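Please read it with the structure open beside the text.

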Amino acid sequence: MAFTIFKRFRKQHDRTVAQRGRSAQGLGAGRLRRSRNWVPAVAFALVLAVIGGVFIWRSFANPLDTAGQNSSTSTDFNQDGKTTLADMSRLLSVYGSQDKLTDLNGDGKVDSADLSILLSRFTAAQASGQSSIAPQTDDKSAASEQPVATPAPTPPPTKPATPPPAAVDTTPPPAQEIANELECPNQTDPTISLDLQYQAVQCMNAAARRFHGLTASKQDNQLMQSALAKAQDVANCEFSHTACGRDVTYWFIQKGFKGKCYAENLGQNQKTVRQVFIQWMESPPHRADILNPIYVGLGVGVTPSSRGLIWVQHFGGCY
């Protein structure tokens, strides 16, 4: 009897010791797992240190000037020796495209960052005394080196004939920036012919300029042809200033435009002249083209497409 009780006590004791051993082992594993929690934190810190080192190295490898662009990038797009309004017009005409010439910060797209760079260069040029539009004069240096001929006797003065009076635009400025139907007919009619749409766009353009005290742009035959050709490119390919893979200058040159300043506005799927013109005026780059004082020539192209009407304005100046 005593031996049986002793055996039971011994078995119970052995089980208790075994359970305590397992508990101790489990506690040790838990401590071991908790003791390794520092490993992810150290790895994350090392990754951040590597990324920071790469950014610091790139900043020293590609230094930028204070405007944020490569200091060697030129904003003199027309190569007249100065950063002028013509260069600004060139950038605005390809705004939103991938034009490499005007992509000043090299990010693959002409956007507000490139416009900011150009404006900083333009402001610096103004502060240094450069004119916004380079004046053109004939070359007097060769003539000044030639011997001066003896002048002929001066004839007696005669009374000059009275020249005819110069033509003056007496058209009063419109009462608002966007002309109404009475001032520019057919602007709200989606069924009018293409010729009447041309006339309505030109009328609204002229009214907006006169409202701001500017001379109304005149129809230019070369710009009319280039605008229509560009509208057909946009209809056949894609809605882009480089439609069909052609640079924005392509049709200006092909149609014989002789000016040095030019710009382009596009529109797509607007139903009426008034709708597309209001959208142009509400967009700062397009509005700047319409109200730019150097653009005295205008061409309009409108053509139907599978995506609705395609609208094109071609501006020209610096003849």
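Predicted model: local features only at pLDDT ≥ 70, side-chain atom pairs only at ≥ 80, totals over all residues.

1. Residues are numbered from 1 along each chain as its sequence is written, and side-chain values use heavy atoms, with hydrogens and water left out.

2. On the overall make-up: the protein chain has ten helices and four strands, these being DSSP runs numbered from the N terminus (H or I of at least four residues for helices, E of at least two for strands). Along the sequence they follow the pattern α-α-α-α-α-α-β-α-α-β-α-α-β-β. Of the 319 residues, 33% count as buried, where buried means under 20% relative accessible area, exposed means over 50%, and partly exposed lies in between (1.4 Å probe, protein chains only). Among contacts (heavy atoms within 4.5 Å) with a separation of 6 or more, residues 24 or more positions apart account for 65%.

3. On strand β4: this strand, residues 310–317, has eight of its eight residues buried. In a regular strand the side chains alternate between the two faces of the sheet. Here both faces are covered, with I310, V312, H314 and G316 buried on one side and W311, Q313, F315 and G317 buried on the other.

4. On the pairing of β4: strands count as paired if DSSP finds at least two bridges between them. Strand β2 (residues 261–268) pairs with β4 in the antiparallel sense over eight bridges, and strand β3 (residues 295–303) also pairs with β4 in the antiparallel sense over eight bridges. In the latter pairing, G299 has H314 of β4 as its bridge partner. The hairpin of β3 and β4 has six residues between the strands, and G308 in this hairpin takes a positive phi near 95 degrees.

5. Just after α6, G213 takes a positive phi of about 75 degrees.

6. On Q197: this residue of α6 counts as buried because its relative accessibility is 3%. Leaving out residues up to four places away in sequence, Q197 touches P190, I192, V273, V302, L309 and W311.

7. On the packing of α6 against α9: the two axes come within 10 Å and cross at roughly 35 degrees, the axes being lines fitted to C-alpha atoms over the stretch in contact, with angles from 0 to 180 degrees between N-to-C directions. Q197, A200, V201, M204, N205 and A208 in α6 meet V273, R274, F277, W280 and M281 in α9.

8. On K218: this residue lies in strand β1 (residues 218–219) and counts as exposed because its relative accessibility is 64%. Its C-alpha atom is separated by 5.0 Å from that of G297, which is 79 residues away along the chain. Neighbours within four places in sequence aside, K218 is in contact with V296, G297 and L298.
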